[in-house]
Amino acid sequence: NLRLVCLASLAMFQGGCVQLAEVDSTHSPLYASMIGRTFELREEFLVYGIKRPDQKSPEPDYILVMPPPGKQGHLILDLGRIPAGSRFQIVGVVTHRSKLFPSTEYVISFVNRSINQAEGKQVRITGVSGWHLYVKPASADEPPQLSELYFRPI
């Protein structure tokens, strides 16, 4: 039982009770094949401003797009919707370092959409939201791919 309690405590620590270190991985060779790729949303996505727990400003730290039903919480600001058919390009990569729960967020830029200028904040898609937006890579030498359930490659 002590072993289970220790493992659960470690999982909580790694999974969200603390802020994991963000690393700009845009220039990593692992993600080179994803940078510059263009996609189209297959369905309407929701737009949220995400604040870090330690942030004092009322402005979001970055913008997150995801399919409905979305997210809730005191650190999440509802900023509207972006319609199906909207096109975007992957322009960067942010990774979160964690032995138990590593994650990747693609930084994107929408074509002809004002969301890109949302107060100069990065716009991101994350693979850890539970919607299976990413396809798990076959090996550690490949980046996660965007799921064709939600995104159409252009």
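Modeller: On a 1 Å grid over the protein atoms alone, a pocket is an open set of points with protein on both sides within 12 Å along at least five of seven lines, and lining residues have an atom within 4 Å of a point. Points are joined across faces, edges and corners, and the volume is the space filled by probe spheres set on them. This is a predicted model, in which local features need pLDDT of at least 70 and side-chain atom pairs pLDDT 80 or more, while totals for chains, interfaces and linings use all residues. Residues are numbered from 1 along each chain as its sequence is written, and side-chain values use heavy atoms, without hydrogens and water.

Biologist: What volume does the second largest pocket have, and which residues are the closest to its centre?

Modeller: Its volume is about 570 Å³, and of its 21 lining residues, Y31, P102, S103, T104 and P144 are the closest to the centre.

Biologist: How should I read a nonpolar core, and which residues have the most contacts inside the largest one?

Modeller: Such a core is a set of buried Ala, Val, Leu, Ile, Met, Phe, Trp, Tyr and Cys residues joined through side-chain atoms within 4.5 Å, where buried means under 20% relative accessible area, exposed over 50% and partly exposed in between (1.4 Å probe, protein chains only). The largest has 22 residues, and F88, Y106, I108 and F151 have the most contacts inside it. Another core, of 7 residues, lies apart from it and includes Y48, I50, L64 and M66.

Biologist: Is I154 partly exposed or buried?

Modeller: I154 counts as partly exposed, because its relative accessibility is 48%.

Note on methods. On a 1 Å grid over the protein atoms alone, a cavity is a set of points where a 1.4 Å probe fits but cannot get out, and a pocket is an open set with protein on both sides within 12 Å along at least five of seven lines; lining residues have an atom within 4 Å of a point.
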